[in-house]
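The following exercises ask the student to read a structure step by step. Each task is followed by a worked solution.

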Amino acid sequence: MDKDRIAGSAKDFAGKVEGVVGDITGDAKREASGRAREAAGTMQNLYGQAKDAARDAGETAAGYAKDAYDNSGDTLRNGQQAMAKTVQDNPLGALLVAGGIGFALALLMTRPPRRPPPRWRYYG
């Protein structure tokens, strides 16, 4: 729990008390001051809640990132093993896929540069 939430709740309660006292005694200035303090306390409490939510979200994201980092070696290793098994089961298909990828990359890398379209000028 954030200190802003505690201080905001205290101000909110004090403002309510001051507003009620001002209402009972008929002192409009004290009642308005109490309502203003109550509003300030409510805002400070909401600010503290937002800080708590942001802190919790950051800690959760850090936990997920740590878990993903810790398990990344296992995932990579499992993927390599699955790829090796697929290549062993179907070597011709793997060779054709690798050749197709290499051919596509060669076409992309040896393509002539684009020339701008010719400009036709009309001198009339």
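**Exercise 1. The chain as a whole**

What percentage of the 124 residues in the chain do buried residues make up?

Solution. The model is predicted, so local features need pLDDT of at least 70 and side-chain atom pairs count only at pLDDT 80 or more, while totals for chains, interfaces and linings use all residues. Residues are numbered from 1 along each chain as its sequence is written, and side-chain values use heavy atoms, with hydrogens and water left out.

Step 1. A residue is buried under 20% relative accessible area, exposed over 50%, and partly exposed in between (1.4 Å probe, protein chains only).

Step 2. By this rule, 12% of the 124 residues are buried.

**Exercise 2. Helices and overall extent**

Solution. Step 1. Helices (H or I, at least four residues) and strands (E, at least two) are DSSP runs, numbered from the N terminus.

Step 1. The C-alpha trace spans about 90 × 70 × 15 Å along its principal axes.

Step 2. Contact means heavy atoms within 4.5 Å. Of the contacts in the chain with a separation of 6 or more, 60% are between residues 24 or more positions apart.

**Exercise 3. Salt bridges**

How many salt bridges does the structure hold? Describe the pairs Lys51 with Asp4, Arg5 with Asp52, and Lys16 with Asp12.

Solution. Step 1. Side chains of opposite charge can pair when their charged atoms come close. A salt bridge is a side-chain nitrogen of Lys or Arg within 4 Å of a carboxyl oxygen of Asp or Glu. The structure holds seven salt bridges.

Step 1. Lys51 and Asp4 form a salt bridge through their side chains, at 2.9 Å from N to O. This pair links distant parts of the chain, since Lys51 is in helix 2 (residues 28–89) and Asp4 in helix 1 (residues 3–25), 47 residues apart. Lys51 is partly exposed because its relative accessibility is 29%, whereas Asp4 is buried because its value is 13%.

Step 2. Arg5 and Asp52 also meet in a salt bridge, at 3.0 Å from N to O. Arg5 lies in helix 1 and Asp52 in helix 2, so the pair ties together parts that are 47 residues apart in sequence. Arg5 counts as partly exposed at 24% relative accessibility, and Asp52 counts as buried at 7%.

Step 3. In the salt bridge of Lys16 with Asp12, the closest N and O atoms are 3.8 Å apart. Both residues lie in helix 1, four residues apart, about one turn of the helix. Lys16 is partly exposed, with a relative accessible area of 40%, and Asp12 is buried at 18%.

Step 4. One network, made by salt bridges that share partners, joins Arg5, Asp52 and Arg55.

**Exercise 4. Two residues and their contacts**

Is Glu18 buried or exposed, and which residues does Asn45 touch?

Solution. Step 1. Glu18 is found in helix 1 and is buried because its relative accessibility is 17%.

Step 1. A polar contact is a pair of N or O atoms within 3.5 Å; within protein, one must be able to donate a hydrogen and the other to accept it, and residues adjacent in sequence count only if both atoms are side-chain atoms. The side chains of Glu18 and Ser33 make such a contact at 3.1 Å.

Step 2. Beyond its neighbours within four places in sequence, Glu18 is in contact with residues including Arg30, Gly34 and Arg37.

Step 3. Asn45, in helix 2, counts as buried at 18% relative accessibility. Leaving out residues up to four places away in sequence, Asn45 touches Asp4, Arg5, Gly8 and Ser9.
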